[in-house]
Structure formats: structure tokens, C-alpha cells
Amino acid sequence: MKWLMLSLALMLAACGLRPLYGTSDGAVSRAELSRIVLSTIDERSGWLLRNALVDRLGSSEEAPLYRLDIVIDDDITRFGIRGDAAATRERRTLRARYQLVDLSSGETVLDATAGFDAGIDITSSEYATVAAEQTASERLAQEVADDMVARIALYLSRSGQ
């Protein structure tokens with residue numbers, strides 16, 4: 001069993017995989033991510049997304065190296081129309097186009113989009129439907145923030161920053 005584990009560890013080390021976060025060569029530390037300053041984002045979904053990003057990126061006392069500009073598109077589409085023209089389902093979609101700007105040069109070094117959607121059942125209770133919409137919005141902001149931070153960390157690890 002020991003030999004099997006040792007051989008698996010050696011094969012994994014030889015495949016070229018390296019951690020994205022951590023302390024090894026090419027890994028991105030939380031200190032590097034914390035040197036990104038966030039611009040303001042409009043709407044409630046933007047506020048939720050910004051808070052999720054602040055939680056993931058952290059903050060630093062050092063001068064920021066990058067600025068993250070974000071424009072969101074938050075949309076609710078109703079479908080599943082019944083005979084009385086009432087919808088039975090909604091799809092909430094949150095898309096964020098973001099640009100990572102190098103503050104020393106003013107150059108946009110990363111321009112990408114992240115987005116997710118969630119299905120919501122429309123019930124006879126308006127309160128339950130609104131609560132489901134808000135919960136979906138919070139969950140979508142978390143997922144979009146996770147995707148954005150992963151892509152930014154990947155960029156920083158590849159660029160050697």
C-alpha cells in the first residue's frame with residue numbers, strides 16, 4: 001500500500017500540476033489578491049457581489065496593484081405559462097463582465113465574463129416567491145464571485161505577479 005501511495009504521489013508531481021493558492025512557486029497568495037481594489041457596482045445584486053468579492057479577496061494596508069471594474073446584468077425571466085397566463089417558474093440570471101486594470105500602466109490585463117443562473121418555482125404565496133428570488137440572488141453572487149476570484153488568481157499565477 002505504501003508503494004502504491006508513493007508511486008501515485010510521484011506521478012502527480014511529474015504531471016505538471018501545481019497548486020493555484022498556497023506558497024509554492026507560481027501559487028497566488030491571499031496577500032496578492034488583497035491588493036486588488038474594487039470599484040462600486042450598481043443595484044442590490046451588485047452590492048451582494050461586491051461583498052462576496054471583499055470576503056474572498058480581503059483587504060491590504062499596502063497600495064493596490066489592480067482595480068477590478070465590474071458591470072452586472074441581473075435578469076429574471078418568467079416561463080412555464082399556465083392556461084390562465086400565470087407563470088409557474090422563473091430563471092434568475094446574474095452575469096458580470098469584469099476587467100482587471102493594472103494601476104501602474106492603466107492597461108486592462110484581464111477582460112472576462114462570469115455568470116450563473118438559478119431556477120425558481122413561483123408559488124401561490126407572493127412572500128415565498130420573493131424570498132426564493134432573494135435567496136437565488138445571494139447564491140448567484142457567491143458563485144459569480146468564486147468564479148471571478150479563481151480566474152483572477154489563475155491570471156496572476158500565470159503572469160508571475
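Helices (H or I, at least four residues) and strands (E, at least two) are DSSP runs, numbered from the N terminus. This is a predicted model, in which local features need pLDDT of at least 70 and side-chain atom pairs count only at pLDDT 80 or more, while totals for chains, interfaces and linings use all residues. Residues are numbered from 1 along each chain as its sequence is written, and side-chain values use heavy atoms, leaving out hydrogens and water.

**Overall layout**

The protein chain has four helices and four strands. Along the sequence they follow the pattern α-α-β-α-β-β-β-α. Of the 161 residues, 32% count as buried (under 20% relative accessible area with a 1.4 Å probe, protein chains only; exposed is over 50%, partly exposed in between). Contact means heavy atoms within 4.5 Å. Among contacts between residues at least 6 apart in sequence, 63% join residues at least 24 apart.

**The sheet**

Strands of a sheet pair through backbone hydrogen bonds, either parallel or antiparallel. Here, two strands pair if DSSP finds at least two bridges between them. The four strands form an open sheet in the order β1-β2-β3-β4, with mixed pairing. β1 (36-38) and β4 (108-121) each have a single partner strand, so one side of each edge strand has no neighbour in the sheet. Neighbouring strands are turned by 25° against each other on average, direction ignored. β3 (residues 87-102) pairs with β4 in the antiparallel sense over 13 bridges. Q99 stands opposite D111 in β4.

**Helices on the sheet**

Axes are lines fitted to C-alpha atoms, for helices over the stretch in contact, and angles run from 0 to 180 degrees between N-to-C directions.

| Helix | Strands | Angle |
|---|---|---|
| α3 (residues 43-57) | touches β1, β2 (66-81) and β3 | about 130° with β2 |
| α4 (residues 126-159) | lies across β1, β2, β3 and β4 | about 155° to β4 |

**Two residues up close**

D102 belongs to strand β3. D102 is buried yet has no salt bridge (a side-chain nitrogen of Lys or Arg within 4 Å of a carboxyl oxygen of Asp or Glu). The nearest side chain of opposite charge, R67, is 9.5 Å away. Lys and Arg count as positive, Asp and Glu as negative; His and the chain ends are not counted.

R56 lies in helix α3. Its side chain makes a polar contact with the side chain of D146 (2.4 Å).

Key: A polar contact is a pair of N or O atoms within 3.5 Å; within protein, one must be able to donate a hydrogen and the other to accept it, and residues adjacent in sequence count only if both atoms are side-chain atoms.
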